[in-house]
Amino acid sequence: MKKHITLAGMALGLLISQSAFAQNFTVAVTNLTNGIYFTPLLVTAAPSTTHLYTPGMAASANLQAMAEGGDTAGLTTDLMAVGADIAAANATPMAPGATATATFTNTAAANTHLSVVGMLLPTNDGFVGLDSIMVPTAAGTYTFFANAYDAGTEANNELIVAGSGAPNTLGIPADPGAANGTGGTGVAAVDANTTVHIHRGIIGDTNPTAGISDLDTTVHRWLNPVAQIVVTVQ
């Protein structure tokens, strides 16, 4: 027996197929640290083959720009080239304990995997990262936790240096919480691991006008994870 498929039936099937892939979901990122801020986050849904970073591999120039100065322009260009969906979260540095939410509406069929990155301030080249996690297809709420990574591109000298933050300019560009000291002599001359790796946290000290670091170990120290990420699929 021959099967007859009407145009109306084909249209209905196409609609169902599109609705199955064009997901609507929100991503809520909460800063779990005591004294570390997140620069404006880059939150994206992209193809499964897209990775913003890979632990154990050298950072790209665009990842370096984000990790050292919070500049997401290069990574955004990379994502646009593969047709990724990008959603805005926090426009200004996100304080400890704060939550920022990004909303995705009718994401492209190929954009099945979620990534989140943002610089940690005050650090030299630390960033919060969640890379290429599959977005659940069933409606519900899903919780993930993100670690702090070191881009491996700059020594962690832990010194606040005005005008730093650009690649190859040693120093921490700012401390949004204004809890830092001054007069530190510097912690690390070089990093042994020059690939993307789990951040060791800060060494710090408790001397506000001298010591080895401009960071306060009682304020800025952290342990992983540094962020909670809640994905709510409609």
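Gly-97 touches Thr-30, Asn-31 and Thr-33, where residues up to four places away in sequence are left out and a contact means heavy atoms within 4.5 Å. Gly-97 belongs to the loop between strand 4 (85-87) and strand 5 (99-104); here helices (H or I, at least four residues) and strands (E, at least two) are DSSP runs, numbered from the N terminus. Gly-97 is also 61 residues from Ile-36 in sequence, and yet the two are 9.6 Å apart in space, C-alpha to C-alpha. Is Gly-97 buried or exposed? Gly-97 is exposed, because its relative accessible area is 52%, and the word exposed is used for values over 50%, with buried for those under 20% and partly exposed for those in between (1.4 Å probe, protein chains only).

Before going further, keep in mind that this is a predicted model, in which local features need pLDDT of at least 70 and side-chain atom pairs count only at pLDDT 80 or more, whereas totals for chains, interfaces and linings use all residues. Residues are numbered from 1 along each chain as its sequence is written, and side-chain values use heavy atoms, with hydrogens and water left out.

The chain has four helices and 10 strands, and from the N terminus on these elements run in the order α-β-β-β-α-α-β-β-β-β-β-β-α-β. Strand 10 (residues 227-233) is mostly covered, since five of its seven residues are buried. Strand 10 pairs in the antiparallel sense with strand 1 (residues 25-31) over seven bridges, and two strands are said to pair if DSSP finds at least two bridges between them. Within this pairing, Thr-26 has Thr-232 of strand 10 as its bridge partner. Strand 8 (residues 140-150) also runs antiparallel to strand 10 and is joined to it by seven bridges, and Gly-140 stands opposite Val-233 in strand 10.

Turn now to helix 2 (residues 61-69), whose buried residues are Leu-63, Gln-64, Ala-65, Met-66, Ala-67 and Glu-68. These buried residues of helix 2 pack against helix 3 (73-81), strand 6 (113-121) and strand 7 (126-134). Just after helix 2, Gly-70 takes a positive phi of about 75°.

Next come the spaces in the model. On a 1 Å grid over the protein atoms alone, a cavity is a set of points where a 1.4 Å probe fits but cannot get out, a pocket is an open set with protein on both sides within 12 Å along at least five of seven lines, and lining residues have an atom within 4 Å of a point. The largest pocket holds about 160 Å³ of space, and among its 15 lining residues His-51, Leu-52, Tyr-53, Ser-60 and Leu-75 lie nearest its centre. Which element gives the most to the lining of the largest pocket? Helix 3 does, with three residues. The count of cavities of 30 Å³ or more comes to one, and the largest cavity has about 40 Å³ of space, with a lining that includes Thr-123, Asn-156 and His-199.

Finally, consider the chain as a whole. Buried residues make up 45% of its 234 residues, and the C-alpha trace spans about 85 × 30 × 25 Å along its principal axes. Among contacts between residues at least 6 apart in sequence, 75% join residues at least 24 apart.

Key
Grid points are joined across faces, edges and corners, and a volume is the space filled by probe spheres set on the points.
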